[in-house]
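The following paragraphs go through a structure with the coordinates at hand.

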Number of protein chains: 2
Amino acid sequence: MEQLKVELGERSYEIKIGYDILSKVGQYLKELNLGSKVMIITNELVDSLYGREVEQAIKKAGFEVNIAKIGDGEEYKVLDSAKNLYDQAVNANLDRSSTIIALGGGVVGDIAGFIAATYMRGVNFVQIPTTVLAQVDSSVGGKVAVNHPQGKNLIGAFYQPKLVVADIKVLSTLEPRQLKAGLAEVIKYGVIWDKEFFHFLEAKREEILELDIKTMEYLLKRCCEIKAEVVAQDEREMGIRAILNYGHTIGHALEAVTDYQRFVHGEGVAIGMVAAAKLANKLGILDLADVEKQEQLVKDFGLAVSFDALKINKIIKALAKDKKVKDGMIRFILAEEIGKVVIKSDLPHNIIREVLEELGGER
Amino acid sequence: MEQLKVELGERSYEIKIGYDILSKVGQYLKELNLGSKVMIITNELVDSLYGREVEQAIKKAGFEVNIAKIGDGEEYKVLDSAKNLYDQAVNANLDRSSTIIALGGGVVGDIAGFIAATYMRGVNFVQIPTTVLAQVDSSVGGKVAVNHPQGKNLIGAFYQPKLVVADIKVLSTLEPRQLKAGLAEVIKYGVIWDKEFFHFLEAKREEILELDIKTMEYLLKRCCEIKAEVVAQDEREMGIRAILNYGHTIGHALEAVTDYQRFVHGEGVAIGMVAAAKLANKLGILDLADVEKQEQLVKDFGLAVSFDALKINKIIKALAKDKKVKDGMIRFILAEEIGKVVIKSDLPHNIIREVLEELGGER
């Protein structure tokens, strides 16, 4: 098992990464001295696969356990679901010393985290991410949120978990589409921070897609290390943390204009990264060879690098609603080379349009 | 004008207290460098009295201003109103650098603060409290929340404002019931922290009820100083901050069992303080003379010290749902003498019942 610490002063916490470690969750909670009541927030599918194992482990450690479920999909990550979860937390008599566990992917983690952050002004929060995306990205760093009809994650908070438990075994039941989508965020870490890691991904394509344990242990740990390092420097995204949004500016817009129905998050990010690479190249800050490497790796992991049947104007409009807009300026994270990015907020609209058209956008 | 600082490291902020200072709000915002867009959250009545003055002051300083209104009363401090306010924030194109201003009493401050804490994971927040209660209590210290049908402030966060502006002039339009209710929280500061201040309140009863400027300037400043000192020691209520809940345990329960329709917050707190004094006396930790002094001062400010037509069982049940419950134990703040309190969580239920019966509760 691998273990690493996210250094955030009194809000520091550990990430445990290993194979077949769900049965140890109860013991981990006990070691952290986390109250006496636990509510697991999950969805039907994940509950049927791993709910009993986690529930039993926690009960065995002496906790009272309740389970609350939300629908599976981004469209359930909304205030109405949150309202329902608050009701369940009240009915379960959760108090300030209780713990909310997110057992699931990014959607479950984000909304469960939002409930944990706001129920009684904050209770203990533990993440058990069950998708690649959640294990390498959304479960680490404390961003929690629900969506607003006009923007993803528009309602949220920064709220750190007390613990993250990433079990590689659970990835074996992940549908291939979700596995691939998660790998988009993995590629992101290579581009923004670590050229060596990018090369590792190029070299280990097959092992990764086959979920080889050793390979995945290293992959998950390295992604979490990078994320932890960035977050430790800038917990509330005042500066450098924004680089974690590489590929997300256009990615989010694509998700938003298709009402979160067509692209899963990683698919949006994959196209968004290709878009960001092309933008950087057009602005003369990134070589064409590095654009192509990114595009190739995205393709290698089975992800689309373009889209169709979407109006450019609609995408531009969605961009302007993004949280990353500051005083009216749309911010982009752009690579100067693989492993190094900069933040730019003064991009000419015509270049954005040009790139969206190359990717398949309609005038 | 008086000015004091709430010391919370990078989240420190100033409280400005004075007579007729609303017109300076724009200038204050400018000095703090708070983005370019402002949304004022207020209610119909406060807006009609002070909305234009604040709006003009802010516009003059170069900000773009939007106004969003919620209904007047605790029953509007709920998720549905929050949803509506999020929509208005989106429609006003507020971004991460924007500022939300609460212009109103505790209800407006609490929900506006909750929106500021959660919109885009947190935007700038400024409090312009227009009631005594909000000026001495709810606007200082960063507690923001909305109510849940089963508990007040059950959904919320700790989120500090960038500035608090307390104008004594606006208190002249406050209805007498609200003025008196606010004074319950003022008495609280004397009991939990400062015997001298309690004596000052006993001596200055008339000046206070007549809103004498010099008296009120001192009163507001001293209350804010005490609150700031407590909050600086314990921002997230892990320990000592709980003493600010003196009178609130039973106070909240009374509000809850009457669906927030019968008592305004301070009225609940007033009875709650009398209850806490009686409890402390029955437990042998507070002299009868000090119980009577508290009861007298509450009466002097025109507040009720008892209630009728409420079942004790219902109140006890509401107590168990309170946020202050920890691992099943109801916590009480009890005075050992005026100016000094302790936190107790192991009170026998029969003593609580006895006191509730003395206050008018029905078996």
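Predicted model: local features only at pLDDT ≥ 70, side-chain atom pairs only at ≥ 80, totals over all residues.

**Interface, symmetry and cysteines**

Between chain B and chain A, 13 residue pairs are in polar contact, with both residues of each pair at pLDDT 80 or more. On the side of chain B that touches chain A, the elements giving two or more residues are helix H3 (79-91), helix H4 (106-118), strand E7 (143-148) and strand E8 (151-158) of chain B. Of these, H3(B) gives the most to that side, with 7 residues.

The interface can also be described by its totals. In contact across it are 42 residues of chain B and 42 residues of chain A. The two chains bury about 3500 Å² between them, and carbon and sulfur atoms account for 50% of that area.

Charged side chains take part as well. The rule finds 4 salt bridges across the interface of chain B and chain A. One of the salt bridges in the model joins the side chains of Lys83(A) and Asp80(B), with a distance of 3.1 Å from N to O.

How are the two chains related? Chain B is superposed on chain A by a rotation of 180 degrees with 0.0 Å of shift along the axis, and the RMSD is 0.0 Å. This is the relation of a two-fold axis. Within chain B, the C-alpha nearest the axis belongs to Leu79(B), at 4.2 Å from it. Both copies use the same surface, since 100% of the contact residues of chain B recur in chain A.

The cysteines are the last topic. A disulfide is a covalent bond between the sulfur atoms of two cysteines. Counted over all chains, the model has 0 disulfides, the criterion being a pair of cysteine sulfur atoms within 2.5 Å. Cys223(A) is in no disulfide, and the nearest cysteine sulfur, that of Cys224(A), is 6.8 Å away. Cys223(A) has 0% relative accessibility and therefore counts as buried, the limit for that class being under 20%. In the other chain, Cys224(B) is likewise in no disulfide, and the nearest cysteine sulfur, that of Cys223(B), is 6.8 Å away. Cys224(B) also counts as buried, because its relative accessibility is 1%.

Key
Residues numbered from 1 in each chain as written. Chains lettered and ligands numbered in written order. Heavy atoms only, no water. Least-squares fit on C-alpha atoms with pLDDT ≥ 70 in both. Contact = heavy atoms within 4.5 Å. Buried < 20%, exposed > 50% of the residue type's maximum accessible area, 1.4 Å probe, protein only. Buried area = accessible area lost by both parts, 1.4 Å probe. Polar contact = N/O pair within 3.5 Å; in protein donor to acceptor, adjacent residues only side chain to side chain. Helix = DSSP H or I, 4+ residues; strand = E, 2+ residues; numbered from the N terminus.
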